[in-house]
Amino acid sequence: RSCDLTLFNSDTKLVFRWSPAVKFNSIQGDIGSLLEVNGGVLLNNSAMFGLAGGVNFGHPRVNYGYFGLMARYAHNPSKLVHISGQAIIAYGATKDYEQEKSSLFDNFWNIYGTGFYMIEPGVNLEINLRERSRVVTGVSYRFVTGLDEESPHVSITNVTNKEMSGLNIMAGFIFKGGKKR
């Protein structure tokens, strides 16, 4: 006797998918940018489960980064233009710059300070460029909690959970592994 309902069957296609992206956001009234890379297993060209990590590189005062889990679903991914939704659940850290920022990547890894938790749901517009590549743009909202606002690591900026939370505008690419047909 066989089971009719299964997560994986003979028609299920699993491939690796990864995506570099740049996000723009506002913290304490200043526009900043973040480099994010995410990747994971793509099921039937629609659902992806994997990891995401990002590091700030463009905010003039507040430095932060995060690493966590990501889930994404693309609706009608075989159409030229389609939408997708995603959610990131992550742990992050922030720390004031050790010295005044003098270039774009100055103090890039200086994020090991006070920790926080974040949830970031978002919606995207994707355009298929080739069989295994897409361009993607979207918006998301980062909810931050657990940041120790009294930490000496943020004594210069006095950044808060509320200020770390906010709207993100994202642009990037998506690349899929697998065999060509």
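This is a predicted model: local features need pLDDT of at least 70, side-chain atom pairs count only at pLDDT 80 or more; totals for chains, interfaces and linings use all residues.
Which residues line the largest cavity?

Residues are numbered from 1 along each chain as its sequence is written, and side-chain values use heavy atoms, with hydrogens and water left out.

**View 1. Lining of the largest cavity.** Arg17, Leu42, Ser46, Met48, Arg72, Ala74, Glu126, Arg134 and Ile174 line the largest cavity (a set of points on a 1 Å grid where a 1.4 Å probe fits but cannot get out; lining residues have an atom within 4 Å of a point). The space in this cavity is about 40 Å³ (the volume filled by probe spheres set on the points). Its lining comprises 4 nonpolar, 1 polar and 4 charged residues.

**View 2. A nonpolar surface patch.** Phe24, Ile31, Ile89, Ile119, Val123, Val139, Tyr141, Phe143, Leu167 and Ile169 form a patch of about 940 Å² (residues with over 30% relative accessible area and no salt bridge, nonpolar side chains joined within 5 Å; a salt bridge is a side-chain nitrogen of Lys or Arg within 4 Å of a carboxyl oxygen of Asp or Glu). Two or more residues each come from β6 (114-130), β7 (133-145) and β8 (166-176) (strands are DSSP E runs of at least two residues). The largest share, 3 residues, belongs to β7. Val123 lies in β6 and is partly exposed, at 45% relative accessible area (buried is under 20%, exposed over 50%, partly exposed in between, with a 1.4 Å probe and protein chains only).

**View 3. Glycine 172 in strand β8.** Glycine 172 is in β8 and is buried, with a relative accessible area of 9%. Glycine 138 is 34 residues away in sequence and 9.1 Å away in space, C-alpha to C-alpha.

Technical notes: Patches are made of residues with over 30% relative accessible area and no salt bridge: like charges are joined within 9 Å, nonpolar side chains (Val, Leu, Ile, Met, Phe, Trp, Tyr) within 5 Å. Accessible areas come from the Shrake-Rupley method with a 1.4 Å probe; for residues, only the protein chains shown count as cover. Helices (H or I, at least four residues) and strands (E, at least two) are DSSP runs, numbered from the N terminus. On a 1 Å grid over the protein atoms alone, a cavity is a set of points where a 1.4 Å probe fits but cannot get out, and a pocket is an open set with protein on both sides within 12 Å along at least five of seven lines; lining residues have an atom within 4 Å of a point. Ala, Val, Leu, Ile, Met, Phe, Trp, Tyr, Cys and Pro count as nonpolar, Asp, Glu, Lys and Arg as charged, and the others, Gly among them, as polar.
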